[in-house]
Amino acid sequence: DRQTLVAVLQFLRRSNLRESEEILRREARLLGDDLGGSVATVATSSPGVAAVAAVPPGKGEVRGDCGVGPSSRRKPREVRSPVSSPSSKITHSGDVIGGAVVVEDQPDVSAVLSAYNQQGDPTLYEEYYSGLKHFIECSLDCHRAELSQLFYPLFVHMYLELVYNQHESEAKSFFERFHGDQECYYQDDLRVLSSLTKKEHMKGNETMLDFRTSKFVLRISRDSYQLLKRHLQEKQNNQIWNIVQEHLYIDIFDGMPRSKQQIDAMVGSLAGEAKREANKAKVFFGLLKEPEFDVPLDDEDEEGENEEGKPKKKKPKKDNVGSKSKKQDPNAPPQNRIPLPELKDSDKLDKVMNMKEAARRVRLGPECLPSICFYTFLNAYQGLTAVDITDDSSMIVGGFADSTVRVWSVTPKKLRSVKTAADLSLIDKESDDVLERIMDEKTASELKILYGHSGPVYGTSFSPDRNYLLSCSEDGTVRLWSLQTFTCLVGYKGHNYPVWDTQFSPYGYYFVSGGHDRVARLWATDHYQPLRIFAGHLADVTCTRFHPNSNYIATGSADRTIRLWDVLNGNCVRIFTGHKGPIHSLAFSPNGRFLATGATDGRVLLWDIGHGLMVGELKGHTDTIYALRFSRDGEILASGSMDNTVRLWDAVKAFEDLETDDFTTATGHINLPENSQDLLLGTYMTKSTPVVHLHFTRRNLLLAAGAYSSQ
């Protein structure tokens, strides 16, 4: 199209790329004078004002793509076909060159920043902002809460625009005058922002780039939006209107405006709220059907185990927990949706043990709280950074800042390695106790230390069959260790930066890792390369968790959002916003329907996965929550924090009578109970030990772990 061509030519001329300009002009058969004349008309049209498009009703989005101003030459553009729905959007950042679109993977820094080219009188920015502030503060209560969401993104963009255009003193005075008005949970972001005082600072700053490339999402009712639009158009306040058009995504809904409490519960992430579209996809949150297998019957009574401590195989009783999942869950994914590993005989044996243990499980509830057994790591001068406990509670592993991984046996049974190859060749392979004979008694000890990482170990995870152990580290690798030989089998290299967390799938074979490079990766133990890369977070992926059916992965991030990813196709199917600080713990309920998340803001938030809604908020902790775990039947949620406490919450009560009608789902009018204290069943203090891990045994005894700190 001619205008685009003219603008590109003009850009080439400004950049002194005469040769390219000549070639392009010859291609397009444009003469010199012809270009000059057009340039004049292009240069005068002020960017952004060119297309202040009115919103077609029901579209629920404001967009004004400025056509041809110099500033819009290289900014990420959104291409949308006129008939497509808001969800089918292709965003690409690229140059239009001779009619061909060159798509760039990474937003080029200068391209991203160029949208901040001079757009108004710098001395009037304070006036614009305070004018809007006055208007919003004087509007009706019902609109004020919604429109107040605009303060923060507008403040940031106006400040960055001043800095980019080198009006340093105006930027400084603008920041000082208005930064105190922003919500308290943006303090950390504002601290980063206050250090950006020169155009050069903006070039390498990631936070800055995130803010520029991802549109800040605001959810506002149609009435409030019309009010804002009318005000800005009457005041001829193009400066603010341009920013709204250019950098914000306004998700408009029909109905009552939301209250201050409802908005406060949902906002606070780096890029505003999630678009409602983001949580519409169907999620199969049900559990997979347990495989049925026959167990040889024994005639003994319930005496249980023989003297060796080996399980007696026993047909589970009909009323047993094992028979619950015989019927296919209507919300479960198809059994073969993703390939899962076959069950080995040892796995079947373990399942039988599990069923027997479950028969003796304590039914927990407000009247019957679990006992808590706390494993304190004493003299952990190496700095404890991660803990995991096997499903059968027989081993505990610690990851340390001195780059070691230490495995302890928690039962009287010592840890033994397999004998050397020479010794193994002498063993009679037909004997009944061959599995015992291959172990080398000389190596028996309570503790094994695994060396291999070259930086602090931030995450550890046992495989469900207890044969393997994963650890991830600041050195950018994930290592797989054998618990038969206590040696490293594989080092998985994919992350270039520290890896903050890793976890095995509940079915083994697959595992997930998340790190400082803002992506989570799905791996299989027998592949060197990741199978899936989950990209979308705007900051470090700090924690990762598999859904009990292994078809989904939840990731928590320092961008203060939680995302749910589909393992099958790598799509993001849920985005949960509401935390006011980086997320550090995740736990799925045993039935797969709910997710609990904990963060540095000391709140535990509860989410309904099927409806994509926040359904609860548990307040009580005064510091970061590093551990969350549901009891085996999901009656109790335990949370452990840096405030040296373990708290128990009534999960049954928290999830009963949920209001998840269509209206709530459509608009996000969530109604959280004012007080979460009636859900708190107990608080248990340690002397001076922050809680970094929690685990319910198969009989519902709660195990907690942490390192004693002497401060």
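The charged end of arginine 406 sits over the ring of phenylalanine 400, 5.3 Å from its centre; a charge is taken to sit over a ring if NZ of Lys or CZ of Arg is within 6 Å of the ring centre and within 35 degrees of the ring normal. Lysine 275 likewise lies over the face of tyrosine 249, at 4.0 Å from the ring centre. The model is predicted, so local features need pLDDT of at least 70 and side-chain atom pairs count only at pLDDT 80 or more, while totals for chains, interfaces and linings use all residues. Residues are numbered from 1 along each chain as its sequence is written, and side-chain values use heavy atoms, with hydrogens and water left out.

Rings also meet rings. A pair of aromatic rings is described by the distance of the centres and the angle of the planes. A search of the whole structure finds 25 aromatic pairs, where rings of Phe, Tyr and Trp (its six-membered ring) pair if their centres lie within 6.5 Å, and planes under 30 degrees apart count as stacked, over 60 as edge-to-face and the rest as tilted. Tyrosine 492 and tryptophan 523 form a tilted pair, because their ring centres are 5.5 Å apart and their planes stand at 55°. Since tyrosine 492 belongs to strand E14 (residues 487-493) and tryptophan 523 to strand E17 (residues 519-524), the pair ties together parts that are 31 residues apart in sequence. Helices (H or I, at least four residues) and strands (E, at least two) are DSSP runs, numbered from the N terminus. Tyrosine 492 is buried at a relative accessible area of 1%, and tryptophan 523 is buried at 0%; buried means under 20% relative accessible area, exposed over 50%, and partly exposed in between (1.4 Å probe, protein chains only).

Another set of ring pairs links Tyr129, Phe151, Phe155, Tyr159, Phe174, Phe175 and Phe178 into a cluster. Helix H8 (residues 168-178) has Ala171, Phe174, Phe175 and Phe178 as its buried residues. They cover an arc of only 95° around the axis, which puts them on the same side of H8; the arc is that of the directions from the helix axis to the C-beta atoms. Ser169, Lys172 and Glu176 are exposed on the other side of H8. The buried residues of H8 pack against helix H5 (125-138), helix H7 (151-164) and helix H9 (187-194).

Histidine 453 is found in the loop between strand E10 (447-450) and strand E11 (457-462), and counts as buried at 6% relative accessibility. Its side chain makes polar contacts with the side chains of serine 471, at 2.7 Å, and aspartate 475, at 3.1 Å. A polar contact is a pair of N or O atoms within 3.5 Å; within protein, one must be able to donate a hydrogen and the other to accept it, and residues adjacent in sequence count only if both atoms are side-chain atoms. Leaving aside residues up to four places away in sequence, histidine 453 touches several others, including Ser403, Cys472, Arg479 and Trp481, contact being heavy atoms within 4.5 Å.

Most residues other than glycine have a negative phi. Arginine 466, in the loop between E11 and strand E12 (468-473), has a positive phi near 65°. Arginine 518, in the loop between strand E16 (510-515) and E17, has a positive phi near 70°.
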